Amino acid sequence: MFWTAALLLGLIALLLVYSRRRRQRNEPPLDNGIIPWLGHALEFGKDAAKFLTRMKQKHGDIFTVCVAGKYVTVLLDSNSYETVLKDEDCLDATGYAKLLMKKIFDLHLPNHNPKSERNRAQKHFQGNGLTQLRNSMHNNLQLLLTSPEAGLNTAGWKKDGLFSFCYSLLFRAAYLTVFGEHNNAELTEIYEEFRRFDKLLPKLARGTQNKEETKVANSAQGRLWELLTPPSADRNAKDLSWLQSFIQHLQEDGMDAETQRKAMLLQLWVTQGNAGPAAFWVVGFLLTHPEALRAVREEIISVQHLAPEERDKHTPVFDSVLKETLRLTAAALITREVMQDTKISLSDGQEYRLRRGDRLCVFPFLSPQMDPQIHKQPEMFIFERFLNENSTERKDFLKDGRRVKYSIMPWGTGENKCPGRDFAISAIKEFVFTILIQFDLELCEDATMPSVDTSRYGFGMLQPRGDLEIRYRKRS
Ligand SMILES: *[C@@H]1O[C@H](CO)[C@@H](O)[C@H](O)[C@H]1NC(C)=O
């Protein structure tokens, strides 16, 4: 009996080893990892930046790794991203997006089309729409800061973690701006449930949540579905908001009320999941780099008399601080499915074959953002990194003596750039300026910048492990 079992196990092991993929001519270097099928899944999930850095040192700018039965080719030559990703027929974005929607948001949108979504968003988050959103963001932030229920309008010092301070305030102001009115108690509940859900997001995406976490995610999701009421829209109204037009489109597609609510949670995450963490890193880096804080304060004073739209064009120091912050903390993986056997060519002229059914990922966080050839001392926060001596925006970054087209890519690349980026930038700017003007902010004794939660590499803006303890007081 024992021998039969041992023989069987041995055979299965042999089968797994022999069914492993072998590298063929003109394919990228292949790394199966030691564990059959699982491959590098554990290391990838734990700290993708560390793992991919190790692979890059071993194999170079392109390689294929086995991750939980899937073969993923990772491309880390940032000069090649745009041309490679242009081939949208061979490298499809929709399938993977749908998979994540299902896994994270339990959402099935059969007609989901990223391109038309982007166009719809573009219409509302740029031009006139952007001006309206910007004004409304300004008003909502003031409203929250002066409303007695929000509890920020007190004269004495208060303590808080900077991450929760920034995230809760920016989330609520942006929620009122994009999703419409809610009373304070409901708004707070939405924020808290959203945070419970957001904390588990990487696990949901990877399918590694345990029973307890599944329960938490389900209850947060369920409550959010109740709280997120689709906006009612007068069908004949001329100016639908972005959200109204999104919901109307779902209705025309025949999606039921439940699906609409699930889709609203997706959009809540898309619009609110990154700005709060980004604002935290900006303010955190400022508080821990006094010379940067001083420079930003001086700039704020010099533009204070201008109207917001005009003001936003004359803030080179803040713009450099924001770019430097995003360089260090924007860490999305861009993933495509290979729809048919194909060839890609890189900027150095090399060609590689990709196999149908595999995935292709690019990771702008490692290249260009943390590439030591492009950015000296890449792990350091240097607030004037994106400034010329004459205070104009610095654009000339070199690699191998050649100017790189993109020195950071926090918003994605080419056609796939985030359509809400201008609104996000202006919201973060409004937020940071407002709290620097209206509050005294200080680090608590011995407070240091927390480390990064490494499980979030691949999912947009990074979040800290722990928080940065601060005290603040409203200025009189
Ligand atoms: C500022 O400096 C940069 C680089 O040194 C230069 O390219 C640019 O023309 C200068 N701009 C002005 C307005 O002087």
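Visitor: Into which domains is the protein chain divided, and how do you know their bounds?
Guide: The protein chain is divided into domain 1 (23–106 + 331–364) and domain 2 (114–330 + 365–474), with bounds that come from an automatic or database domain assignment. The model is predicted, so that local features need pLDDT of at least 70 and side-chain atom pairs count only at pLDDT 80 or more, while totals for chains, interfaces and linings use all residues. Residues are numbered from 1 along each chain as its sequence is written.

Visitor: How many residues does the contact take from domain 1 and from domain 2?
Guide: Taken over C-alpha atoms, the centres of domain 1 and domain 2 are separated by 28 Å. The contact takes 31 residues from domain 1 and 32 residues from domain 2, two residues being in contact if their C-beta atoms, placed from the backbone, lie within 7 Å. On the side of domain 1 that touches domain 2, the elements giving two or more residues are α2 (41–46), α3 (48–59), α4 (81–85) and α5 (94–105), and the largest share, seven residues, comes from α5.

Visitor: What makes the protein chain as compact as a globular protein of that length?
Guide: The chain has 19 helices and 13 strands; these are DSSP runs numbered from the N terminus, helices being H or I with at least four residues and strands E with at least two. Its radius of gyration is 24 Å, close to the 23 Å that the globule rule gives for 476 residues, so the protein chain is as compact as a globular protein of that length. Here the radius is taken over C-alpha atoms, and the rule is 2.2 Å times the number of residues to the power 0.38.

Visitor: Why are β5 and β13 said to pair?
Guide: Two strands pair if DSSP finds at least two bridges between them, and β5 and strand β13 (residues 469–474) pair in the antiparallel sense over four bridges. Glycine 161 stands opposite glutamate 469 in β13.

Visitor: Which strands are called edge strands, and what makes them so?
Guide: Three strands form an open sheet in the order β5-β13-β12, with antiparallel pairing. The edge strands are β5 (158–161) and β12 (439–443), each of which pairs on one side only.

Visitor: How does helix α8 run against β5?
Guide: Helix α8 (residues 162–179) lies across β5 and β13 and runs at about 85° to β5, where axes are lines fitted to C-alpha atoms, for helices over the stretch in contact, and angles run from 0 to 180 degrees between N-to-C directions.
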